[in-house]
Amino acid sequence: MEIGENNLLKFNFISKKFEIEFCSNYHLSVELSDNFFRYAVLDPNTIKYLIIREYFFEIKNANQLSNKIVSIINSDEFVKRNFYSNTISISSLNCIINSSGQTTENEKLKMLELETDVHENIKCDLISHNDRLLEIIYSVPNSINNLFNNYFNNSSISCSDTILIKNYLNELNLLPSLKVHICHNTIYITYFYNNEVIFHNKFIIKSEEDILYLILNTTKQLKISREECAFKISGIVNELTNSLLKDYLVEFKVEKSKIENTDSSKFKIVLNQII
């Protein structure tokens with residue numbers, strides 16, 4: 001690995017059981033945002049992570065992002081191997097959740113234009129729920145789309161919001177719930193009522209106090225009763241965040257990753273983020 005890209009590598013786990021000649025038997029999961037690129041190699045037979053790597057960087061636009069990721073991929077000895085299957089998750093894009101039935105491409109464009117910046121490639125993830133489809137609508141810049149086609153052709157691509165919501169819907173009950181996922185400088189907040197997605201959004205955060213403010217403000221704006229709603233927090237929850245939430249929310253549950261095959265606390269934190 002080149003020295004420049006090695007300096008961006010902030011977390012590096014390689015299992016002793018990883019065998020590079022068997023990459024064609026493994027699954028590769030990739031997640032990218034505007035300030036990180038991470039990937040995990042999973043053995044589908046044992047459901048164990050064999051590699052987890054996280055790179056962090058600072059960029060200003062989509063072209064810089066694609067150039068940086070190309071540089072990382074070219075210098076990384078594992079990620080560009082041929083794997084049995086690939087999935088890609090994009091975390092930095094704003095999305096629209098539509099629960100009113102499937103829409104045309106033009107309708108998707110109009111919905112995006114009302115809420116966020118629109119890039120060249122409009123995409124839509126579908127989630128089947130309560131005998132109907134939820135649309136997760138987002139757009140991807142050409143430079144990132146070309147990166148996928150060049151390096152991860154035939155991969156399954158989705159928005160990170162889609163993965164979160166799918167996981168949430170698999171665990172729901174009839175009680176109202178506010179789910180909060182903390183990922184580095186981003187917080188995802190989703191509110192469910194009667195097994196329906198009532199609210200979903202993500203916000204940029206700079207401090208633990210921002211997390212508390214956004215949770216309390218969302219609760220106030222949606223008129224959520226703290227006594228009747230289950231508050232569930234996942235992702236990176238440090239001691240200060242935990243303490244602040246205890247002071248103001250009193251009752252909440254911190255949800256951990258379902259797959260934890262090491263005693264390393266930092267490894268567990270990464271697993272709470274990795275897709």
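The model is predicted: local features need pLDDT of at least 70, side-chain atom pairs count only at pLDDT 80 or more, and totals for chains, interfaces and linings use all residues. Residues are numbered from 1 along each chain as its sequence is written, and side-chain values use heavy atoms, without hydrogens and water.

Now the sheet. Six strands form an open sheet with mixed pairing, in the order β1-β4-β3-β2-β5-β9. Two strands pair if DSSP finds at least two bridges between them. The edge strands, β1 (9-14) and β9 (156-159), each pair on one side only. β3 and β4 (residues 48-56) run antiparallel over eight bridges. Within this pairing, Arg 38 stands opposite Glu 54 of β4.

Next, the loop between β2 (27-32) and β3 (36-43), which holds Ser 33. Ser 33 is buried, at a relative accessible area of 5%. Buried means under 20%, exposed over 50%, partly exposed in between (1.4 Å probe, protein chains only).

Back in α2, the buried residues are Leu 65, Ser 66, Ile 69, Ile 72, Ile 73 and Ser 75. An α-helix has 3.6 residues a turn, so residues three or four places apart point the same way.

Note on methods: Helices (H or I, at least four residues) and strands (E, at least two) are DSSP runs, numbered from the N terminus.
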